[in-house]
Amino acid sequence: MIEISGLSKAFGKVQAVGGLTLTAGDGQITGLIGPNGAGKSTTFRVAFGLIRPDDGRVAVDGRDVVRDRLEAQRRVGALPDVRGLYPRLTAREHIRYFGNLHGLSGPVLERRIDQLVALLEMDGFADRRARGFSRGQELKVALGRALVHEPANLILDEPTNGLDVVSVRAVRHLLRTMRDAGHCILLSSHLMAEVGMLCDRLVIINRGRVVAEGTPERLRAWAGSDDLEEVFVRTLATAGADTDAEGRSACPI
Amino acid sequence: MSDLMPKGAVWPWWRRCGVVLRKEVVDHLRDRRSIALALIYPLLGPLVVGLLLQLSAESQRGVHITHEITVAARGLDRVPELASFLALNQVELVASWGGEAQGPGKRGRVVLDVPADATPHGPFTVRVLFDANNVTETAIAGRVTELINSYGRQLERQSLVAHGLDPALIQPVTVERVHTGHRLDLSSVLYNLIPPLLIFMIFLGAVYLALDSTVGERERGTLEPLLTAPIRRWELLLGKAGAAFLFTLATVIFNLAAFRLVLGLCSGGALGSEAAPGSGTFLLILVLSLPVMVLAVMVQLVVAAIARTLKEAQIYLGLLPLVPALPGIASAVAPAEPHLWMSSMPVFGQMTTFIRLIAGAPVSWLQVVLSAVITLVSAVLVFWWAARLYEQDRTLIAD
């Protein structure tokens, strides 16, 4: 379970996140959606343990990501928006490196790497160096290293961006399987069709705050439209125009 | 809360550092730039010094002189055969240099001094007085020395054959070169260049690895995923520092081995009084330079952490090796007497020791230990600073 409460983070004069609160439960896929600059990546960076919040806290399975960073990180499979591969390492070596950093080694790790290579359809390039990989190949390697230690919680920034149709379906199937096994999955995506299909709960944020949240069905019902894209646009418009004196939006929270 | 436990054991810190170190070594062994810096650049200094030594040696032997030369001679009338031999070989002999005194510290021209007890058939020693700081005088002295040696060998053969002896047994005439300038011969200056060149390589050897594994990693976007792994920032830094240290060590070993090889081939003894430093000296220098290597790696990591971009870091780290090497270059020309305060300056303390070791001068072991301790303490402080920098958001996130 990932619990974010009252999270605030500013970069200079820019308030990236301002008092954001949300919970991503176990056995659920929670979608964090919002326009560019809404604060999704900053929220994820704090949750990954990369940067310290100015205020508020993020806890993974009860472990505070600032005070107990290593324990929290052991429980998270992280896919940041920058995939970042080492051009001189092979796909398999990338996954092995992260497996080692998570305390895995020997035959257990090698079996897990083989499993991920098959699962993410990396057979064709698993032993090739990463220089020249396509975006889809880079994403598969990044997913592989996020999943190598079979984390209970996944935080995925745009997990299917750049993948071909077959791979997208494979990743979605994988995420549903993990959800059914009890994993907590928090993801962001700009593809409304995808979040509609995958997510059990949606959290819409804007300007660093939650403006609406609920099941896709609840949000569709509130907006009076089956099209999630329409729901998203209407939510942002309502949240921007229709807030009370304390800044609370009229959207469902 | 999830009851799914994370797979993998919690390894001790040194094992996590080892994972990072191994990855960096494997990664950079595949990188031509890192290999070039570690294995090819260290050969350049020794090649330059070797070339200069060879040219100097040839110059001192007068190899390049083919025209007539003039030298002043004192007492050569005692050995007229030698005077004839020199005249036959295009050496013009004059009685004196117009009243100019010739001796240590006095600028003048080459003088041959035949001792009062010299006899035509020897043995006797001809002194060749010259200023080794004067290139022309050095070359003329070298030419005359070669000729006198040649005359000596000729005389030796004649006299031995006349007595039915093997000519290889004795040498009736020897020559002693007396340098009258302010300093010793050129070889000592060239040998003194070895420590600053070595320090330069220490600060250059792993520079690409330090850049690539820090600011380069941030620009490439690999640092952010890496920091999501359960490893403390200082552990990560220590692993990277370990890899950079290994590359620096390889650089220094190659550098010193190349110096030893080149000096052996050029035979420093041919230049005059300075004998080439031996393998033991180079081995000792390698051991004593270990603390400097540690400090160099830590400084590189801090500079790379402070820099905002790879380009900025390249500028800083490109200049960095010059800072510690410049005082050494000054010391090469005018070696300072070692004082205890010099040890308090990391790197400079070691450089002073290296210069003395190469010159074969005695070394203060108190100074050696003190400089090692101070350098290591400085390295730890710089590492602590680098680790603190790595905790800051700006060091990690390129935005």
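Colleague: Let's start with A:E158. Where does A:E158 sit?

Modeller: You'll find A:E158 in the loop between β7 and α6 of chain A. Keep in mind that this is a predicted model.

Colleague: Why is A:E158 called buried?

Modeller: Buried means under 20% relative accessible area. A:E158 has 11% relative accessibility, so it counts as buried.

Colleague: And what is the phi of A:E158?

Modeller: Phi of A:E158 is near 50 degrees, which is a positive value in a residue that isn't glycine.

Colleague: Which loop of chain B holds B:V347, and what phi does B:V347 have?

Modeller: B:V347 lies in the loop between α15 (340-343) and α16 (348-359) of chain B. Its phi is positive, about 80 degrees, although B:V347 is not a glycine. Run the burial test here too: the cut-off is under 20%, and B:V347 comes out at 6% relative accessibility, so it counts as buried.

Colleague: Why is B:V94 called partly exposed?

Modeller: The class runs between the buried limit of 20% and the exposed limit of 50%. B:V94 has a relative accessible area of 23%, so it is partly exposed. You can find B:V94 in strand β2 (residues 91-94) of chain B.

Colleague: Which residues does B:V94 touch, not counting residues up to four places away in sequence?

Modeller: B:V94 touches B:T70, B:V71, B:A72 and B:A73, leaving out residues up to four places away in sequence.

Colleague: Now the rings. How many aromatic pairs are there over all chains?

Modeller: Searching the whole structure gives 6 aromatic pairs over all chains.

Colleague: What makes A:Y86 and A:Y97 an edge-to-face pair?

Modeller: Two checks. Ring centres must lie within 6.5 Å, and planes over 60 degrees apart count as edge-to-face. Here the centres are 6.1 Å apart and the planes stand at 65 degrees, so the pair is edge-to-face.

Colleague: Which parts does that pair tie together?

Modeller: A:Y86 is in the loop between β6 (76-79) and α3 (91-101) of chain A, while A:Y97 is in helix α3 of chain A, so the pair ties together parts 11 residues apart in sequence. A:Y86 and A:Y97 are both buried.

Colleague: Why are A:F125 and A:F133 called edge-to-face?

Modeller: The same cut-offs apply: centres within 6.5 Å and planes over 60 degrees apart. A:F125 and A:F133 give 5.2 Å centre to centre and 75 degrees between the planes, an edge-to-face pair. A:F125 and A:F133 are both buried as well.

Colleague: What sits over the ring of A:F98?

Modeller: The charged end of A:R145 does, 5.0 Å from the ring centre, and the distance limit is within 6 Å. A:F98 also joins A:Y86 and A:Y97 in a cluster linked by ring pairs. In chain B, the charged end of B:R15 sits over the ring of B:W11, 3.8 Å from its centre.

Colleague: How do you know that the length of helix α5 of chain A agrees with its residue count?

Modeller: You take 1.5 Å times one less than the number of residues. For the 13 residues of α5 (residues 135-147) that should span 18 Å, and the end C-alpha atoms are 18 Å apart, which agrees.

Colleague: Why is α5(A) called largely enclosed?

Modeller: Of its 13 residues, 11 are buried, so the rest of the structure largely encloses α5(A). A:R145 is one of those buried residues. They pack against β6, α3, α4 (106-119), β7 (153-157) and α6 (165-180) of chain A, together with α9 (223-227) of chain B.

Colleague: Which residues of helix α8 of chain A are buried?

Modeller: In α8 (residues 216-223), those are A:P216, A:L219 and A:A223. They cover an arc of only 65 degrees around the axis, which puts them on the same side of α8(A). The face turned away from that buried side carries the exposed residues A:E217 and A:A221.

Colleague: Last one: where in chain A is confidence lowest?

Modeller: In helix α9 (residues 228-241) of chain A, with a mean of 78, whereas α3(A) has the highest, at 97. Chain A averages a pLDDT of 90, and 94% of the residues score at least 70.

Note on methods: Residues numbered from 1 in each chain as written. Chains lettered and ligands numbered in written order. Predicted model: local features only at pLDDT ≥ 70, side-chain atom pairs only at ≥ 80, totals over all residues. Heavy atoms only, no water. Phe/Tyr/Trp six-rings, centres within 6.5 Å; stacked < 30°, edge-to-face > 60°. Helix = DSSP H or I, 4+ residues; strand = E, 2+ residues; numbered from the N terminus. Buried < 20%, exposed > 50% of the residue type's maximum accessible area, 1.4 Å probe, protein only. Lys NZ or Arg CZ within 6 Å of the ring centre and 35° of its normal. Contact = heavy atoms within 4.5 Å. pLDDT = per-residue confidence, 0-100. Arc of directions from axis to C-beta.
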